[in-house]
Each structure stands twice: as C-alpha cells, then as structure tokens.
Amino acid sequence: PLATRIYRQAGEVGMVMSLNKIAQLEDSKLLAGHVALIFGEYDSAQELFLASTHPRSALEMRKNLLHWEEALKLAPTLAPGDVPHISKELAAQLEVRGDFQAALDRYRSGLTGDPSSASDRQCSAGIARMTLRLGDVQRGVQMAQQSNDQQLCRECATILEGLKQWADAALLFERGGLPDRAAAIYIKYKNWAAAGALMNQITSPKLQLEYARAKESDGKFEEAARAYEAAKDMDSVVRLLLDKLEQPQRAFQIVRETRSSEGAKMVARFCQERKDYRTAIEFLILSKQAEDAFELATAHGEMPTFTGALGKGGTPQQYQAVAVYYEQKGEFGRSGDFWLEAKDYPKALRLYLQCGEKEIDRAIEVVGKARTEQLTHTLIDFLMGETDGVPKDPNYIFRLYMALGNYPQAAKTAVIIARQEQELGNYRVAHQILFDTHRELKAHNINIPQDLSNALMLLHSYVLVKVLIKLNDHASAARMLIRVAKSISKFPSHVVPILTSTVIECHRSNLRNSAFEYACTLMRPEHRPQVQAQYVRKIEQIVRRPDKTEEEEASSPSPYDPNTMVLDTQLECPSTRNIIPYCIATGRHIVLHDLCVCPQCAFPALYTAFTKLIDQSEEHTCPMCNQQIALPTIRKFEEDEASAWLKKFRERVAKDDGDGAKGASKK
C-alpha cells in the first residue's frame, strides 16, 4: 500500500496498476518475482517464480517476452504440451535471424503428428522453406507442391528466385496463382512454350508486349498479333495485319474503332500504294491529314468520299475549299451545301437560287439560319417572281415564315394555302397543312388564330364523314355533313357530291327537314345537271313529297357552364361565349366527364368514342394525325384534370389573328 500511494502521488499510473494486480498475492516468492518482472530483472524473476508455489509463471513470462529459447528450456518440465508451439515460434525467430539449420530442427520439433492442425501446417511450410534455404532444392520444391498451399508456393518461389533457380521458381509461381511472375521468368529465359500457355491468364500489358515482340522476331505473326492486342498495342496489331498477315479489312475495322492517328496513317499509306483512293482518303482524314486527303480527292475525282469522311467535323476553310471545287464544276447545289456548312450564308443562298426551284428548300434553310433582312428580301423576291418573272408555289412562303420563326405570318399563309388546296378539292392536303401549322404554333406556345382553328375544324368534319360511315354511325356522319353543307362555298370543287351525300345521310338518319332543304338546293338549275343519275329520282321524291320532321339533336352540359345545355355539334357555349373544343373522333363538343387526348397529337376526344374508333377501325389510326394508336396508351382524364386541361385550352386559343400576333410578340 505504501508503494502504491507513493507511485500514485508521483503520477506513475502504470506502476500503480501493476502493483494493484499483485497486491493480493500471499506467496512472497511469487510476489517478489512479479516485482522483479516489473523492473525488467527477468533472470531474477525466473528464479523467484521457480521457487514459488506457481513455477509456471516463469514459463508464461518467457513466452510473453518472446524469449523462446529460455521458454523451450523450461517447457519440458513445466508444460510439456507447450513444447511444439514454442518450438514453432522459436523456429520462426531463427528463420528471421538466418539460422536456417536450427530453424529446420525447431520446425521439425514443432510437429505434433496432426497434419490437419494449423500449427503442423505452419511447421511443414517452415520445413519446406528451410529445406530450400539449405540447398536441397528438389526436396523443397516437392514439399511445396505437395502442400497445395498457394502462399507457401509463392514464398518458396521467391526463395528460388534468390537462388537463381528460375525454372523451379516459375513453376511454383504458377502453382501459387501468380501467372504474371511465372510468365516474366519464362519470357526472360526464352521459354516461349511455357510462356505461351500462360498468356491468356496474364494481365500485365508489359509482359504481353514483351511476349509479342519475341513472337514477332521469331516470325510467329498470328501469335504476336494476339499478344499485341492483349497488350492494348493496337497500332502494332494493325502493322502486322497490313504488312505480314494480309488482313487489311480487319486492320481497317480496328482503326475505325480505335480512331488511332498512327494506325490511320499506316492504313492510308497501305491504301495509296494499292491505289485504293477512297479508303486512303477516309484514313487520311482520320489521321488528321485533311489537306493530303483533299488533294487526293481532287486528283482522283473522289470528293464525295472526302466530304463523307469529313462529316460535320471539318473546319470552315475545308468546307470552303470543297464549295469552290463544286462551284468550279458547275454543281451549284452541292457548292451551296458546303458554303452553308462554312456559315457563308450569302454565297450559299446565291448558289441555291442559281439552281431554281430545285434547291428552294435549302435556300429557305439558309435564310432561316442567317436571319438577316437582306437575305430574307432576296429570297422573297425570288419566290414572288421578281427575279425571273415566275411566281413560285405559295407553300414556299409558308415554309420561309416557319424557318424564320414568324409563326403568326406563317399561320396566315398556311390558311391561304389550305384554302387554295381546299378549293381544288385536295382536302387531305389542306387538312395536313393546317394540322402541321397548328402543331408548330402549339409547340412554340403561340396562340392559335381562330380562322386557322375554324378551317381545320371544318376540314376535319369532312374527313370524319367516311370514318363515321365505316363505323355505321350514320347519324353522326349526317351531322358532320350538315356542318360542311352550311359552308359549302368553301368546297367549290365538290358542291354537288357533298350535298348529295348530305341529303342521303340525313334522310337515312331521320333528319328529313335537313334532307328536304339540301335536296331543294340540289334541284336548282345550276346543280341538277351534275347530280348522278342514280340519285336524281330519289332526290326529286324528297322535294315533291316534303317531310319536315327532324329528329331532335342530343345535347349535353357545356364544359364551361354545367347549368347550360349545348347541342352536341354546337361548338360555342351560349352563356360564356367561349369556344368549346371538338372531339376528333365524332366532331361533337367535348364533355369533361368523358375526356381524353390522342397520345400522339394531343388533340381532345371523347374517351368512349375515341377508343371505339381506334378499336374498330382497320388502321387503328387517329383521324387527326393519322398515327397508329395503341389502345392501352389512351387515358381517360379525371374531372379535375379535365377542368385544368380546358383552362389551358382556353388560354391558348386566340379569339382572332390579332391575339395570335400579340402572343407571338410576347414570346
């Protein structure tokens, strides 16, 4: 206690803890031995421990201090069962010191006769190592191989390397799972057969490269090429394929994949020697020798090959050189293409216009990219015929406005063009023009002019007639024909056929008053001669025996005002005066509880009618965009979602052209 108090006051925490551990010992010899141990007097501590009632403490002390020689002297008397373990530990210590013979003896003493124990395996491994260290190579290698221990094989292989026993070292590295080390030795001492067997296991590019060079020098070019490829030296693979193996196509493929500049140079040189100028041009460009490629293309008339290989990766100077080449040959369209690539828009436009109408689309593209007043006016003058006295198709004006981003003006032009097509009876063409314009305006968030929307609605109503008749929905077809007949002046090429269809469908659908009204129109002197003979008698009977009964048209709530009922084909809410969207499958106005949109064009439709049309029609296409629709892609809106959609529709649709222009200016 006194010593503990003193050390505590002195701040010697370690001494305090050590003394506390032995404070309860009653055997004075044992206590004195521990005190001697604390002060590092190990021999005195051993004598005191041996004289105490617990002599094994002397052995434990020596083991804890790694004094294995002293421990081995004590173990036979104090703990005979510890002798193998202590012998093994002493052997390891002797091995580190380089006393290999003594270590071998101790490893042997450490064997217990149980080969499955970890201790015996360690001793056996030590015996194998010491056997090698003492020069008995054959026996040591045999022991390492029989052990089936990869770690031991690696250790023994390292020892053999130091002994310059290369063949045995390589063998044990291979058995030890280190094929790279084994292959390095085989290659160093030119054992190519052994090295070759390991090449598919080698991960070191350096070794693969050494092996490849050796095989190449021996004339084994196929094997060399495989090794170069494994070493990722693809330029050497290309060289062998071209110069030795006569496999140029494979070399071409490799260079196209690797984009190697050096490989491309070799291929280009190879192709020029064989007068394969097309391939040579391709690889000259790949090897960054575009000037040489241009000269070759010019000399041998291979400019398309040059431009194809150049692609979009050329410089303005390169594109200009190509443009001059084509201009000198009188190929103005091709020349314009490359002035356009060089971003020299005035020259590109001049050359395109020299081609007449053949290159108008490209001229429009140039002006759309340039966005300069001078070029715009130049092209407009050409399109209006002021340059050559020949006015061009109005469609070009429409495309020009679209290219310039002048969508309101494009919309007006589209309506004019569509009207002309409509007057000529090209209803599908007119429909497509208006639909495309509608889609472009919507994509650019521009308000849709009302005259465009109305024109598209009227044409779509006409287009729907055949669809509805095929579905045996004559009542809806009659309603669409009535809508068209009310604007019959917009269909001048087919007034009589349309009115005839209207009379027939209305009569079939019990819309007798409407049938009578349009039958009377058909019997007028200006129309009667054009009525097909098969229908004349029936129409005359309708006129002579008038039946003015009319089946009342169904109505449904306005999507804007649920308290207001609206006829199904009426497209304006009476109470709010808002335009109601129409269903692209029936032509009727939409209702919020049965709303969906086409997955392709996003035009609205009545879910029930649209799914029926897609399911029953032969083409399964949307009547608005003519795209095929899969039924599972059509999704019915929830009512709150439908209301939100209607609100956006109302914000997007302009009341007139002025609104459209105003919307465009805001953009």
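1. The crossing of α7 past α8 is left-handed, meaning that the near helix is turned anticlockwise from the far one by less than a right angle.

2. Before going further, please note that this is a predicted model, in which local features need pLDDT of at least 70 and side-chain atom pairs count only at pLDDT 80 or more, while totals for chains, interfaces and linings use all residues. Residues are numbered from 1 along each chain as its sequence is written, and side-chain values use heavy atoms, with hydrogens and water left out.

3. Which residues of α7 and α8 meet? On the α7 side they are Pro84, Ser87, Lys88, Leu90, Ala91, Ala92, Leu94 and Glu95, and on the α8 side Phe100, Ala102, Ala103, Arg106, Tyr107 and Ser109, where contact means heavy atoms within 4.5 Å. Sorted by class, the contact of α7 with α8 has 9 nonpolar, 2 polar and 3 charged residues; Ala, Val, Leu, Ile, Met, Phe, Trp, Tyr, Cys and Pro count as nonpolar, Asp, Glu, Lys and Arg as charged, and the others, Gly among them, as polar.

4. Another helix pair to look at is α11 (residues 150-162) with α12 (residues 166-175), whose axes come within 8 Å and cross at roughly 160 degrees. That angle makes α11 roughly antiparallel to α12, and α11 passes α12 in a left-handed crossing. The residues in contact include Cys153, Ala157 and Leu160 of α11 and Trp166, Leu172 and Phe173 of α12, and by class the contact has 8 nonpolar, 2 polar and 4 charged residues.

5. Turning to charged side chains, the model has 32 salt bridges, each being a side-chain nitrogen of Lys or Arg within 4 Å of a carboxyl oxygen of Asp or Glu. One of them joins arginine 350 to glutamate 327, with the closest N and O atoms 3.4 Å apart. This pair links distant parts of the chain, arginine 350 lying in helix α25 (residues 345-354) and glutamate 327 in helix α23 (residues 316-328), 23 residues apart. Arginine 350 counts as partly exposed because its relative accessibility is 39%, and glutamate 327 likewise counts as partly exposed, at 26%; buried means under 20% relative accessible area, exposed over 50%, and partly exposed in between (1.4 Å probe, protein chains only).

6. Lysine 369 and glutamate 365 also form a salt bridge, with their closest N and O atoms 3.4 Å apart, but here both residues lie in helix α26 (residues 360-370), 4 residues apart, about one turn of the helix. Lysine 369 is partly exposed at 48% relative accessibility, and glutamate 365 is partly exposed at 28%.

7. Why are arginine 544 and glutamate 540 separated by about one helical turn? They are 4 residues apart in that helix, and in general an α-helix has 3.6 residues a turn, so residues three or four places apart point the same way. Arginine 544 is exposed, at 64% relative accessibility, whereas glutamate 540 is buried, at 13%. Elsewhere, salt bridges that share partners join Arg334, Asp337, Arg362, Glu365 and Lys369 into one network.

8. Glutamine 320, by comparison, lies in helix α23 and is partly exposed at 29% relative accessibility; leaving out residues up to four places away in sequence, glutamine 320 touches Trp339 and Ala342.

9. Finally, helix α34 (residues 512-522) has several buried residues, namely Ser514, Ala515, Phe516, Tyr518, Ala519, Thr521 and Leu522. The buried residues of α34 pack against α32 (474-485), α33 (495-508) and α35.

How values were computed: Helices (H or I, at least four residues) and strands (E, at least two) are DSSP runs, numbered from the N terminus. Axes are lines fitted to C-alpha atoms, for helices over the stretch in contact, and angles run from 0 to 180 degrees between N-to-C directions. Angles under 35 degrees count as roughly parallel, over 145 as roughly antiparallel, 65 to 115 as roughly perpendicular and the rest as oblique.
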